[in-house]
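This report goes through a few local features of one protein model. Please look over the sequence and the structure before reading on.

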Amino acid sequence: MDAVAKRPFWEQPLDTLDRGQWEALCDGCGKCCLLKAEDEDDGEVYMTNIACKLLDTQTAQCSDYRRRRFFVPDCVRLTRTKLDQFTWLPDSCAYKLRARDLPLPEWHYLISGDRETIHQTGNSIRGKVITEVEAGPLEHHILDRPL
């Protein structure tokens, strides 16, 4: 058995992961599920503190992940081939970290063994966002810096 095969899947190159491993790599922060505003003039994308209508703001999980694109047609699907297109992903995103061959942070559940660690350490959207229903105009919720 070679050295790559002995490492846990989250330490292996992204192109070797199966779909289940790819999905499991997600840290569950919920930041990719925040609404974004795009400047019509220059195409710049700005993050907001508004959660997608399907995002459970307490768990930071999609309430209907399997059928999310039915309810939210513009919901993005992160894949290895599209990863570099999503420049708005936070630097802490496990997909971005692993694409750069960097280790997962200590608060990632695959390292800590506990899915609550990300929330306890303040690295998720929990307690920092509002829902689409509560929000009002999108332009009132553009963030100066990412969550």
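In which loop does Asp101 lie? The model is predicted, and in it Asp101 is found in the loop between helix 4 (94-99) and helix 5 (109-112). Its phi is positive, at about 60°, although Asp101 is not a glycine. Most residues other than glycine have a negative phi.

Ala60 is another non-glycine residue with a positive phi, here of about 65°. Its loop runs between strand 3 (55-56) and strand 4. Ala60 is buried, because its relative accessible area of 6% is under 20%. Asp101, in turn, counts as exposed because its relative accessible area is 59%, which is over 50%.

Charge on the surface is the next topic. A patch of positive charge there is formed by Arg19, Arg66, Arg69, Arg77 and Lys82. Of these residues, Arg66 is placed in the loop between strand 4 (61-62) and helix 3 (68-71). With a relative accessible area of 82%, Arg66 is exposed.

A patch of negative charge also lies on the surface, where Glu38, Glu40, Asp41, Asp42 and Glu44 gather. Glu44 belongs to the loop between strand 1 (34-38) and strand 2 (45-51). Its relative accessible area is 41%, so Glu44 is partly exposed.

| Residue | Relative accessible area | Class |
|---|---|---|
| Ala60 | 6% | buried |
| Glu44 | 41% | partly exposed |
| Asp101 | 59% | exposed |
| Arg66 | 82% | exposed |

Technical notes: Residues are numbered from 1 along each chain as its sequence is written. This is a predicted model: local features need pLDDT of at least 70, side-chain atom pairs count only at pLDDT 80 or more; totals for chains, interfaces and linings use all residues. Side-chain values use heavy atoms; hydrogens and water are left out. Patches are made of residues with over 30% relative accessible area and no salt bridge: like charges are joined within 9 Å, nonpolar side chains (Val, Leu, Ile, Met, Phe, Trp, Tyr) within 5 Å. Accessible areas come from the Shrake-Rupley method with a 1.4 Å probe; for residues, only the protein chains shown count as cover. A salt bridge is a side-chain nitrogen of Lys or Arg within 4 Å of a carboxyl oxygen of Asp or Glu. Lys and Arg count as positive and Asp and Glu as negative; His and the chain ends are not counted. The place of a charge is taken as NZ of Lys, CZ of Arg, CG of Asp or CD of Glu. Helices (H or I, at least four residues) and strands (E, at least two) are DSSP runs, numbered from the N terminus. Buried means under 20% relative accessible area, exposed over 50%, partly exposed in between (1.4 Å probe, protein chains only).
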